[in-house]
Amino acid sequence: MTSLNNTLQYGPYVLCGWRVESAIPLPELTVWSEAREWNADEAIRIQLQESSLDDTAVGFCANSEGGVSLRVKGVAGFRVNPGADYVTVRPEAGVDPLLLRGHLFGSVLAILCYRRGLFPLHGSCVLLDGEAVVFSGASGAGKSTLATALVRRGHPLLCDDVCAIDLSNPMRPMLRPAFPRVKLLPDAIDCFQLGVTTTYSQAAQGMKGHFGMAAIQPIEAIQQPVPLAAIYALDAPAGDKMGRSLLRGKNAFAFLESQAHRGWMGRNLGLHNQLFGHIAMLAAAVPVYRLDRARALDRLDEVACLVEATHNTVCMPAGQELCQETEQFEGGCSL
Amino acid sequence: MTDNSLISRREGWIAAWVDNNLIMMHAESSFYLNLTGSGGRIWELLESPCSVWDLCKTLGREFDIEPDAARPEVLAFLDQLLLRKAIDVHLPALA
């Protein structure tokens with residue numbers, strides 16, 4: 001028995017500049033201002049389908065008509081239609097709503113970005129002096145923690161996990177803000193004393209899947225696209241070394257390629273050329289810095305100071321290399 | 001490969017300049033190459049198939065060196081592209 005809930009009773013919300021109406025509540029999102037004009041192609045509808053998922057294979061599948069389905073075991077099945085304007089959610093019985101929204105604002109948002117011609121970069125993003133600055137890197141590298149430290153110094157949060165970048169003007173990449181909540185592990189929430197403003201996942205403390213979604217920003221969320229000023233490549237913090245260095249050419253490209261959010265999904269959607277073009281444009285237009293920093297959380301403010309200082313003295317890549325060589329570098333698709 | 005060998009790009013490669021490097025990707029395999037300096041210029045010149053000697057003459061003009069002096073490096077570079085399946089080399093027709 002299948003029933004499709006088309007009552008889009010929640011919203012409209014704003015997400016990456018899109019107008020979202022939903023059959024499930026999305027409390028992380030900010031409300032779309034009724035005074036704001038919108039076009040039909042900016043609309044996304046999230047509907048709920050209550051049915052057994054037995055017929056749906058776990059994993060990601062792009063069908064021949066251009067639709068996409070994604071099933072996360074123990075959470076939900078998600079379908080995105082070929083036009084990327086409808087998302088159908090089929091939750092598993094008893095699923096933690098926060099966990100479900102975590103996947104909706106992660107993998108599903110990345111699919112929407114790919115399908116709608118945006119580049120989804122894995123990272124957290126804050127607004128520094130009117131421009132967007134992204135902290136990108138593998139899970140556990142400390143992106144959200146560093147972003148939170150900067151928010152506490154007065155810089156608004158633009159997004160966490162998926163940074164939707166609009167490259168329709170290649171010379172001026174723009175960051176489209178998502179929502180000002182940050183996903184943190186409990187020790188970071190304790191460190192920042194954010195417990196009061198945090199919604200926790202249902203998984204027991206100390207168990208995998210236990211995390212909090214913290215509302216860390218008292219001011220109104222920013223909804224308009226913001227010019228992207230810099231990307232910081234984060235490794236897991238180690239040692240006491242502090243500093244930054246500019247990644248050039250292929251190193252910047254290779255880093256961005258590795259941090260395309262679910263890049264393998266973009267390639268499975270047949271969007272190799274779009275993905276390649278976006279990464280190349282981004283590497284050419286926006287400085288990518290490697291950021292070395294100390295592990296200790298009590299030195300986080302020093303790192304934040306370094307970022308603030310760097311942002312005020314951003315320099316574009318320069319230099320000429322006249323030697324002739326080819327070089328293969330690591331990259332590619334893991335299916 | 002000789003001066004008269006005709007060089008053409010293989011299909012399936014896309015390329016973009018990043019800083020002063022030309023980054024190339026083979027779309028199907030997601031295999032990447034990074035061409036620096038005049039390597040990127042050679043790839044641009046191969047937009048239309050041309051002979052090794054024509055390449056040497058054009059690069060000689062652009063970089064202000066004798067075509068004969070450019071030849072060893074051009075040949076070595078083309079060998080690398082061939083090894084990575086980025087170009088095809090057509091032998092000159094026998095007279």
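Predicted model: local features only at pLDDT ≥ 70, side-chain atom pairs only at ≥ 80, totals over all residues.

Me: Which residues is Met25(B) in contact with, leaving aside its neighbours within four places in sequence?

Reply: In its own chain, the list has Gly12(B), Trp13(B), Ile14(B), Ser30(B), Phe31(B) and Tyr32(B). From chain A, His272(A) and Phe276(A) are in contact with Met25(B) too. As for its place, Met25(B) belongs to strand β3 of chain B, residues 21–26.

Me: Is Met25(B) buried or exposed?

Reply: The cut-off for buried is under 20% relative accessible area. Met25(B) has 2% relative accessibility, so it counts as buried.

Me: And what about Gln47(A), buried or exposed?

Reply: Gln47(A) counts as buried because its relative accessibility is 11%. You'll find Gln47(A) in strand β5 of chain A, residues 43–50. Its side chain makes a polar contact of 3.3 Å with that of Thr88(A).

Me: Now the helices. How do I describe a packed pair?

Reply: You give the angle between their axes and the distance between the axes. Take α1 (residues 38–45) and α3 (residues 67–83) of chain B: they pack at about 70°, with axes 11 Å apart. Angles of 65 to 115 degrees count as roughly perpendicular, so α1(B) and α3(B) are roughly perpendicular to each other.

Me: Which residues make the contact?

Reply: α1(B) brings Gly39(B), Ile42(B) and Trp43(B), while α3(B) brings Val74(B), Phe77(B), Leu78(B) and Leu81(B). Six of these residues are nonpolar, one is polar and none is charged.

Key: Residues numbered from 1 in each chain as written. Chains lettered and ligands numbered in written order. Heavy atoms only, no water. Helix = DSSP H or I, 4+ residues; strand = E, 2+ residues; numbered from the N terminus. Buried < 20%, exposed > 50% of the residue type's maximum accessible area, 1.4 Å probe, protein only. Polar contact = N/O pair within 3.5 Å; in protein donor to acceptor, adjacent residues only side chain to side chain. Contact = heavy atoms within 4.5 Å. Axes fitted to C-alpha atoms, helices over the stretch in contact; angles between N-to-C directions. Parallel < 35°, antiparallel > 145°, perpendicular 65-115°, else oblique. Nonpolar A, V, L, I, M, F, W, Y, C, P; charged D, E, K, R; others polar.
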